[in-house]
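Subject: A structure for you to explore

Hello,

I'm handing over a structure that I think you will enjoy looking through.

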Amino acid sequence: MYRTVGHQAEILKAIRTKICLANPREALWLKETALAEEYGVSRTPIRHILQLLANAQLLHTQTGLGTQTTVLELNELPKHFEIYGAICDIAIGVANEERAPRETILALMSVHNTLLIDEDRSPEAFIDVYGRIIDAMSQMITDPILCYAHQAAFWRLIRWRVQEVTAEVEGSWGLAASNIQSAIDAATQGTERDLLEISGRMGRSHIDRLINYYKVN
């Protein structure tokens with residue numbers, strides 16, 4: 001029996017996790033029929049989910065061949081992190097001079113509590129935590145075009161970072177809890193602009209470590 005539409009968000013999250021766990025420098029092919037069978041739904045919701053993931057630049061379709069993950073080139077890694085920072089800069093320029101929305105603050109607090117009480121440091125947990133951060137940040141970027149760009153740029157960084165988390169590289173989780181606390185402080189004591197500025201700075205802070213990791217691997 002096919003599942004209800006309400007399960008589509010869970011399926012999207014599961015497929016997105018599958019994409020993030022895969023090597024970003026190699027194509028992972030995704031077949032509608034196989035995914036429909038795996039998640040117990042028809043091909044229609046799968047097709048819709050794949051389109052949403054394509055909108056986030058995680059996938060692309062080749063005519064006559066099918067859908068595959070977007071391959072990331074190693075020489076583009078520094079630029080990907082800089083682009084995320086630049087998008088944050090644009091968001092800063094149009095952000096309100098007020099505190100972040102209550103929903104954003106509460107979501108970040110929830111993530112912070114998870115990091116403090118949950119000792120799971122698996123790649124799947126990493127993807128889940130940062131997915132929640134992306135959702136929290138998106139709630140204060142009201143322009144839809146800018147919001148999509150921010151989400152797509154963020155998920156691209158996660159794809160790079162998950163590989164070092166999988167390899168259990170020292171510092172891959174880093175100071176996640178303290179960084180989130182800094183974000184919470186900015187959201188509650190500063191403005192939306194302060195929170196976006198911290199997010200962009202944190203994104204850029206991983207560049208050198210990621211470059212060193214991928215040079216070795």
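Below is what was found in it, part by part.

One thing to keep in mind from the start: this is a predicted model.

**The sheet**

Let's begin with the strands. Strands of a sheet pair through backbone hydrogen bonds, either parallel or antiparallel. Here three strands make an open sheet, in the order β1-β3-β2, and the pairing is antiparallel. The edges of the sheet are β1 (29-30) and β2 (59-62); each has a single partner strand, so one side of each has no neighbour in the sheet.

You can follow the pairing residue by residue. β1 and β3 (residues 66-69) are joined by two bridges, and W29 has Q68 as its bridge partner in β3. Between β2 and β3 there are four bridges, again antiparallel, and Q62 stands opposite G66 of β3. The hairpin of β2 and β3 has three residues between the strands, and one of its residues, G64, takes a positive phi near 85 degrees.

**Two residues with a positive phi**

Most residues other than glycine have a negative phi, and most peptide bonds are trans. Q57 has a positive phi near 65 degrees although it is not a glycine. Q57 sits in the loop between α3 and β2 and is exposed, with 52% relative accessibility. E168, also a residue other than glycine, has a positive phi near 55 degrees. You will find E168 in the loop between α7 and α8, where it counts as exposed at 70% relative accessibility.

**Helix α4**

Next, please find helix α4, which runs over residues 77-94. This helix has 18 residues and reaches 27 Å from its first C-alpha to its last, close to the 26 Å expected at 1.5 Å a residue.

Which residues of α4 are buried? They are L77, H80, F81, Y84, G85, I87, C88, A91 and I92. These residues cover an arc of only 155 degrees around the axis, so they lie on the same side of α4. The spacing in the list is worth a second look: an α-helix has 3.6 residues a turn, so residues three or four places apart point the same way. On the other side of α4, the residues I90, G93 and V94 are exposed.

**The cysteines**

A disulfide is a covalent bond between the sulfur atoms of two cysteines. How many disulfides does this model have? The count comes to zero. To see why, take C20: its sulfur is 17 Å from the closest cysteine sulfur, that of C147, which is too far for a bond. For comparison, the two sulfur atoms of a disulfide must be within 2.5 Å. For C88, the closest cysteine sulfur is also in C147, at 12 Å, and that is too far for a bond. C20 is buried, at 0% relative accessibility, and C88 is buried with a relative accessible area of 0%.

**A pocket and a cavity**

Rolling a probe the size of a water molecule over the atoms shows where empty space is left. The largest pocket has a volume of about 230 Å³. Its lining includes L12, R16, L52, N55, D135, Y148 and W155. Four helices, α1 (8-21), α3 (43-55), α6 (123-138) and α7 (144-166), each supply at least two residues of that lining.

The structure also holds one cavity of 30 Å³ or more. About 250 Å³ of space lies in the largest cavity. Its lining is made of 19 residues, and those nearest its centre are Y130, I133, F154, S199 and M202. The elements that give two or more residues to this lining are α4, α6, α7, α8 (176-189) and α9 (192-204). Which element gives the most to the lining of the largest cavity? It is α9, with five residues.

**One last residue**

Finally, look for H150 in helix α7. H150 counts as buried, at 1% relative accessibility. From H150 to M137 it is 13 residues in sequence and 8.9 Å in space, C-alpha to C-alpha.

Enjoy exploring, and write back with any questions.

Best wishes

Methods. Residues are numbered from 1 along each chain as its sequence is written. This is a predicted model: local features need pLDDT of at least 70, side-chain atom pairs count only at pLDDT 80 or more; totals for chains, interfaces and linings use all residues. Side-chain values use heavy atoms; hydrogens and water are left out. Two strands pair if DSSP finds at least two bridges between them. Buried means under 20% relative accessible area, exposed over 50%, partly exposed in between (1.4 Å probe, protein chains only). The expected span of a helix is 1.5 Å times one less than its number of residues. The arc is that of the directions from the helix axis to the C-beta atoms. On a 1 Å grid over the protein atoms alone, a cavity is a set of points where a 1.4 Å probe fits but cannot get out, and a pocket is an open set with protein on both sides within 12 Å along at least five of seven lines; lining residues have an atom within 4 Å of a point. Grid points are joined across faces, edges and corners, and a volume is the space filled by probe spheres set on the points.
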